[in-house]
There are 2 protein chains.
Amino acid sequence: MHTVVSSRLDATFAALADPTRRAILARLATGEASVSELAKPFAMSQPAISKHLKVLEYAGLISRSRDAQRRPCRLEPQTLADASGWLDHYREVWEQNFARLDALLDEMKAQERKKRARKKARAK
Amino acid sequence: MHTVVSSRLDATFAALADPTRRAILARLATGEASVSELAKPFAMSQPAISKHLKVLEYAGLISRSRDAQRRPCRLEPQTLADASGWLDHYREVWEQNFARLDALLDEMKAQERKKRARKKARAK
DNA sequence: GTCTTAAATAACTATAAGGTTATACAACTG
DNA sequence: CAGTTGTATAACCTTATAGTTATTTAAGAC
């Protein structure tokens, strides 16, 4: 089903696994920003941030353009939507699964009540 | 906002970054399974699968119980819901962002039309 | 041209991840 | 008890990740 986008999902989830990169995405959710603007809040060198941005770009989570010396970054929402879609799909499947389990438990309880009722009837 | 659950999210997304582990979760969405049952579809040793399960368990995505020698694994939906929640939150934020951008583009187009209309009027 | 600023790249280090095989442990079977 | 099955752990190897500092490239400013 999702083998086609599997390697893309690999890269996406791997990119999301780092708190610095999630913070960068959170910042970009409020609008475009340059590398040095993104680097400012972090106790980390500029090359380190550039590496993180490369990871995010490779994962398709951001894209970069050119504005003089600056390289403004912006979000690419579709990739995140894909990851979100994967999660939602399986959440759905196993919510159904849990619903079935609940139904089963209800049935078991009902059987238990019947059993006790019969026992009580015999005891009379 | 989400600093409290940050390290949990680290582990969750890192766990989801591996296709073998995603396949294991997909399998578990259909119900409980033992280690050897989970290992069967993969061209990989049993210890490798045990490691993957450890990662999934550490991330809180699965839990394990005991049934004689077997160690049945089952999904823990809440953790996935948390990851899903993070994604959905930022999707929402930047969809608003894109909506604003769309509005801005519409405005720019409108201005452009006006400009052209004035030009045309003058040319008459 | 030279100087400055913004970002990327190179080279390196330390640690983590993902796999292997061999071995140990835990629980049932006869 | 010995044997078998299911799983975990140990030791090891290779590659990837996340950071560093030093250097280079790209674009503007003077």
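I'll begin with the surface near DNA strand C: its residues divide into 10 nonpolar, nine polar and five charged. On the classes, Ala, Val, Leu, Ile, Met, Phe, Trp, Tyr, Cys and Pro count as nonpolar, Asp, Glu, Lys and Arg as charged, and the others, Gly among them, as polar. This is a predicted model, where local features need pLDDT of at least 70 and side-chain atom pairs count only at pLDDT 80 or more, while totals for chains, interfaces and linings use all residues. Residues are numbered from 1 along each chain as its sequence is written, and chains are lettered from A and ligands numbered from 1 in the order in which they are written.

Near, here, is a C-beta atom, placed from the backbone, within 6 Å of the strand. Two or more residues each come from helix H3 (35-39) and helix H4 (46-58) of chain A, and from helix H4 (46-58) of chain B. H4(B) gives the most, with five residues. Helices are DSSP runs of H or I with at least four residues, strands are runs of E with at least two, and both are numbered from the N terminus.

Now strand D. Of the 23 residues around DNA strand D, the nearest are Ser45(A), Ala48(A), Ser34(B), Ser36(B) and Pro47(B). H4 of chain A, with helix H3 (35-39) and H4 of chain B, are the elements giving two or more residues to this surface. Here H4(A) gives the most, with five residues.

How are the two chains related? A rotation of 180° with 0.0 Å of shift along its axis superposes chain B on chain A, with an RMSD of 0.1 Å. That is the relation of a two-fold axis. The superposition is by least squares on the C-alpha atoms of residues with pLDDT of at least 70 in both copies.

At the interface, 26 residues of chain B are in contact with 26 residues of chain A. Contact is C-beta atoms, placed from the backbone, within 7 Å. On the chain B side, helix H1 (6-16), H2 and helix H5 (77-123) each supply at least two residues, and the largest share, 14 residues, comes from H5(B). That side has 18 nonpolar, four polar and four charged residues. Of the interface residues of chain B, 100% are also interface residues in chain A, so the copies meet through the same surface.

Within a chain, next. Chain A has five helices and two strands, in the order α-α-α-α-β-β-α along the sequence.

In chain B, helix H2 (residues 19-28) and H4(B) pack at an angle of about 75°, with their axes 10 Å apart. Axes are lines fitted to C-alpha atoms, for helices over the stretch in contact, and angles run from 0 to 180 degrees between N-to-C directions. The two helices are therefore roughly perpendicular, a label for 65 to 115 degrees; under 35 is roughly parallel, over 145 roughly antiparallel and the rest oblique. Thr20(B), Arg21(B) and Ile24(B) in H2(B) meet His52(B), Val55(B) and Leu56(B) in H4(B). This contact divides into three nonpolar, two polar and one charged residue.

Methods
Contact = placed C-beta atoms within 7 Å.
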